[in-house]
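I opened this notebook to keep track of what I looked up in one structure, entry by entry. Each entry begins with what I wanted to know and ends with what I found.

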Amino acid sequence: TKDFLNNKITEIKDIEHITSFPIIGQVLHNTSKVKAIITEYPKSPLADSFRAIRTNVNFFAQGREKMVILITSSMSGEGKSFAAINIASVYALLGKKTLLLGFDLRRPALFKEFNLKNEKGITSYLIKNAEIKDILQHTQIENLDLISAGPIPPNPVELIDSDRNKQFFDELKKLYDYIIIDSSPIGAVTDSFLLFKYADINIFTIRHNFSLKDAVKTNLKSISIKNISNISILVNDVKMSKNSYGYAYQSNYYENNEKSSLLKRTLQKKSNV
């Protein structure tokens with residue numbers, strides 16, 4: 001009865017009952033308050049789950065050297081921006097010229113994670129108030145740039161559906177190897193549906209024990225009806241059980257590595273004194 005009343009995605013089989021879209025990866029629960037996990041905790045199992053996603057994305061892309069990857073979800077709070085930041089970071093760390101686009105035009109927030117500005121951004125370009133060089137911002141992560149959403153426009157749908165937006169992507173593809181789009185949730189607005197066509201891989205984020213089955217089902221059905229290609233599922237915030245052998249082994253492996261690194265640093269400091 002408890003399972004019957006639970007309308008949240010709690011298992012992989014819940015997703016498999018809803019859709020046949022492939023699962024591109026599972027992101028472990030983030031125990032820290034930091035969003036840029038790849039740079040802050042590069043040796044953590046959580047960082048490794050993003051590396052696994054990068055590997056799977058490359059497999060899906062069948063050897064394509066350059067790529068546009070869009071990330072969306074059903075509703076806010078499912079972790080699409082968290083996923084976008086870290087997927088962009090894993091490509092930047094490979095030495096690839098990477099751009100993160102804050103395309104949630106109605107709720108600009110991505111710039112805050114990098115302590116950057118939002119006075120000018122995508123909307124400034126789309127209304128011909130700025131050129132790309134005016135809105136590009138370098139992040140503290142090497143090889144990773146950001147273009148934030150910019151001032152909230154009265155007509156986001158028209159701007160996204162404009163020829164100017166096509167020109168925007170054409171220009172950016174000449175400058176970057178990987179472009180990661182942090183798009184708005186498709187359960188709330190139609191913006192992402194207009195952006196899907198620009199992406200080589202479209203990633204739909206589902207948050208474990210948070211995303212609603214009905215919302216996921218409805219939104220994935222909308223995607224199917226519109227014949228949008230290259231859709232895959234990212235499962236976020238997976239809390240692995242401690243009695244799982246794989247997880248326990250991984251945790252011990254990383255913990256021991258971290259302790260070993262800490263011991264080395266301590267010994268080095270002492271020898272330098």
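**Entry 1: Ser192**

Which residues does Ser192 touch, not counting residues up to four places away in sequence? Before answering I noted that this is a predicted model, in which local features need pLDDT of at least 70 and side-chain atom pairs count only at pLDDT 80 or more, while totals for chains, interfaces and linings use all residues. I also noted that residues are numbered from 1 along each chain as its sequence is written, and that side-chain values use heavy atoms, with hydrogens and water left out.

With contact taken as heavy atoms within 4.5 Å, I found that Ser192 touches Leu70, Thr72, Ser183, Ser184 and Ile186. Ser192 has its place in helix H11; helices (H or I, at least four residues) and strands (E, at least two) are DSSP runs, numbered from the N terminus.

I then looked up how covered Ser192 is, and its relative accessible area is 0%, so I wrote it down as buried. Here buried means under 20% relative accessible area, exposed over 50%, and partly exposed in between, with a 1.4 Å probe and protein chains only.

Two polar contacts of Ser192 went into the notebook as well: its side chain is joined to that of Ser183 at 2.5 Å, and it reaches the backbone oxygen of Ser184 at 2.6 Å. A polar contact is a pair of N or O atoms within 3.5 Å; within protein, one must be able to donate a hydrogen and the other to accept it, and residues adjacent in sequence count only if both atoms are side-chain atoms.

**Entry 2: Asn219 and helix H12**

Next I turned to Asn219, which has its place in helix H12. Is Asn219 buried or exposed? Its relative accessibility is 8%, so Asn219 counts as buried.

I found that the side chain of Asn219 makes a polar contact of 2.9 Å with the side chain of Ser74, and that it also reaches the backbone oxygen of Ala215 at 2.8 Å. Leaving out residues up to four places away in sequence, Asn219 touches Ser74, Ile186, Gly187 and Phe204.

I then checked the length of H12: at 1.5 Å a residue, its 13 residues should span 18 Å, and the end C-alpha atoms are 18 Å apart, which agrees. The expected span is 1.5 Å times one less than the number of residues.

The buried residues that I listed in H12 are Val216, Asn219, Leu220 and Ile223. They cover an arc of only 95° around the axis, which means that they lie on the same side of H12; the arc is that of the directions from the helix axis to the C-beta atoms. On the face turned away from this buried side I found the exposed residues Asp214, Lys217, Lys221 and Ile225. Among what covers the buried residues of H12 are helix H2 (12-18), helix H11 (191-195), strand S7 (201-207) and S8.

**Entry 3: the nonpolar cores**

Which residues have the most contacts inside the largest nonpolar core? They are Leu101, Phe103, Phe168 and Ile223, in a core of 42 residues. Strand S8 (residues 231-238) gives the most to this core, with four residues. A nonpolar core is a set of buried Ala, Val, Leu, Ile, Met, Phe, Trp, Tyr and Cys residues joined through side-chain atoms within 4.5 Å.

I also noted a second, separate core of 37 residues, which includes Leu46, Ala83, Phe114 and Ile180.

**Entry 4: positive phi**

Last, I looked up backbone angles at two residues. Lys128, in the loop between helix H7 (122-126) and helix H8 (132-135), has a positive phi near 65°, and Lys128 is exposed, with a relative accessible area of 64%. Asn230, in the loop between helix H12 (213-225) and S8, has a positive phi near 55°, and Asn230 is partly exposed at 43%.
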